[in-house]
Amino acid sequence: MGGDATTTALLAGALVLVAAVTAVRLSTRLGLPTLLVYLGLGVLLGESGLGVRFDDARLAHDLGFVALVVILVEGGLTTRWADLRRALPRAASLSTVGIGVSVGIVAFAARAILGWDWTLALLLGAVLAPTDAAAVFATLRGLPVRERIVQTLEAESGTNDPLSVILVVGLSTGWHGGGPVAVVADIGYEIAIGALLGVAVGWAGRAYLDRVALPASGLYPLTVIAFAMVAYAGTAYVGGSGFVAVYVAAVVLGNSPLRHRAATLGFAEGLAWLAQIGLFVMLGLLASPGRLGGAVLPALAIGLVLTLVARPLSVLLALAPFRGGWAEKSFVAWAGLRGAVPIVLTTVPLTEGVPRADDLFDVVFVLVAVFTLLHSPTLGVVGRRLRVTTEPRPRDLTLEAAPLGALDADMLHLAIGPRSGLNGAEVWELRLPPKTAVTLVVRDGESFVPDRWTRLRHGDELLVIVPHAQRGAVERRLRRVSRDGPLEGWRRR
């Protein structure tokens, strides 16, 4: 059978995916941001390279928003509620006060330097205001930076998209004739509805997964992703912020006692990588290299204003009421990474027919490419100079759960890390509830059935059978012992 259009497209897509995955390895070795590699791959495939023509802004807008949703799902699932709760006040201030300050400064610069009208200047400020979740999650989780800084930046990147999306859509459509009061009310409504429905869908997904024993482990990750998508689409359907809803729902689900957690997080991570690859390559295809040369000087000018004026001032004002020295706030200001989000947001005015929207796209595309190349590799150096870095912390304890439906129980898999307080504890000292049993220990590649006097060691892997109703209490107990040692008190819950 000859190769038809579908077969050719499938082959081309698979080869592009293999090239993109290989590029991750190469970019890591060379210290280049993967975003630039994927954008470059898209440009290479495009009209000025191999001749693939893609100029459908509406399709790019739709696919781009779907990709951002997937990236937010992965970020929410891997965000611990305890960390988010501590960082949320700072993140909320950065995502509101900070966004407003940044939009105003960039818009004024675009008006004064580029001579753009106020609508286009404000659109430029709005699309450049949010930091990029994919860039922040990927970069900061590889840097040994103080925990509070990482928590703040990750929470900010997960919460600052909604306001920017609302501003971009409103400016592109003229707010449908509404005045300032109506605009503020609309923003408040979208965010509030998004948060409420995100919590509701997250709790519904948690209850469903807690009560239903699915017949295959691969169905659990699919179900988690499906509930997150329900949060986004359902909220958007009633006029709320789907971005708020999907992130909140993912945080609720990620902080639930998920069965097959490792498989779920691995699946979400793979989807997020696929979304990033597809998104950046598509945006590279959408760009017209012949026009980008004229956008270089405007992009450099606005980029310098954004990096050296707008971002630092927005962080200074937004974090003024909170604790933290100048070094911490300076690093937060420098780590305001931009990525695919600004480029995706420029597809909104393109699809709405805003005058000179092509110029907006070109400036933002060049700005993101140039400043990502200059910005990301310096984070480690800046962090060390500001003395906000820490020693990398090894993982002390990992927990993975799988359901045993016939027994109404769960099987916990524990891996004892090098700094875990479980080292040296005897099995009886764990003081686990009745009907909970440590059934197997794997040590140095050999497995054996422990008794109550077996002493645990670093590197051991344990299988523990626990009644489903007591799983939460057992997990909390094991984590406390891992943190504080076997003398930590046991409270039955």
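In this predicted model, strand S3 (residues 437-443) pairs with strand S5 (residues 461-467) in the antiparallel sense, and five bridges join the two. Within that pairing, alanine 437 has isoleucine 465 of S5 as its bridge partner. Strand S3 also runs antiparallel to strand S4 (residues 446-448), to which three bridges join it, and here arginine 443 stands opposite glutamate 446 of S4. The hairpin formed by S3 and S4 has two residues between the strands, and in it aspartate 444 takes a positive phi near 55°.

| Partner of S3 | Sense | Bridges |
|---|---|---|
| S5 (residues 461-467) | antiparallel | five bridges |
| S4 (residues 446-448) | antiparallel | three bridges |

Turning to the aromatic side chains, a search of the whole structure finds four aromatic pairs. One of them is formed by tyrosine 208 and phenylalanine 227, whose rings are tilted, with 5.7 Å from centre to centre and 50° between the planes. This pair links distant parts of the chain, since tyrosine 208 belongs to helix H9 (residues 180-211) and phenylalanine 227, 19 residues apart from it, belongs to helix H10 (residues 219-237). Tyrosine 208 is partly exposed, with a relative accessible area of 36%, whereas phenylalanine 227, at a relative accessible area of 19%, is buried, because the cut-off for buried is under 20%.

Ring pairs also link Phe65, Tyr232 and Phe243 into a cluster. A contact of another kind involves arginine 452, which lies over the face of tryptophan 453 at 5.2 Å from the ring centre.

Definitions and conventions. Residues numbered from 1 in each chain as written. Predicted model: local features only at pLDDT ≥ 70, side-chain atom pairs only at ≥ 80, totals over all residues. Heavy atoms only, no water. Pairing = 2+ DSSP bridges. Helix = DSSP H or I, 4+ residues; strand = E, 2+ residues; numbered from the N terminus. Phe/Tyr/Trp six-rings, centres within 6.5 Å; stacked < 30°, edge-to-face > 60°. Buried < 20%, exposed > 50% of the residue type's maximum accessible area, 1.4 Å probe, protein only. Lys NZ or Arg CZ within 6 Å of the ring centre and 35° of its normal.
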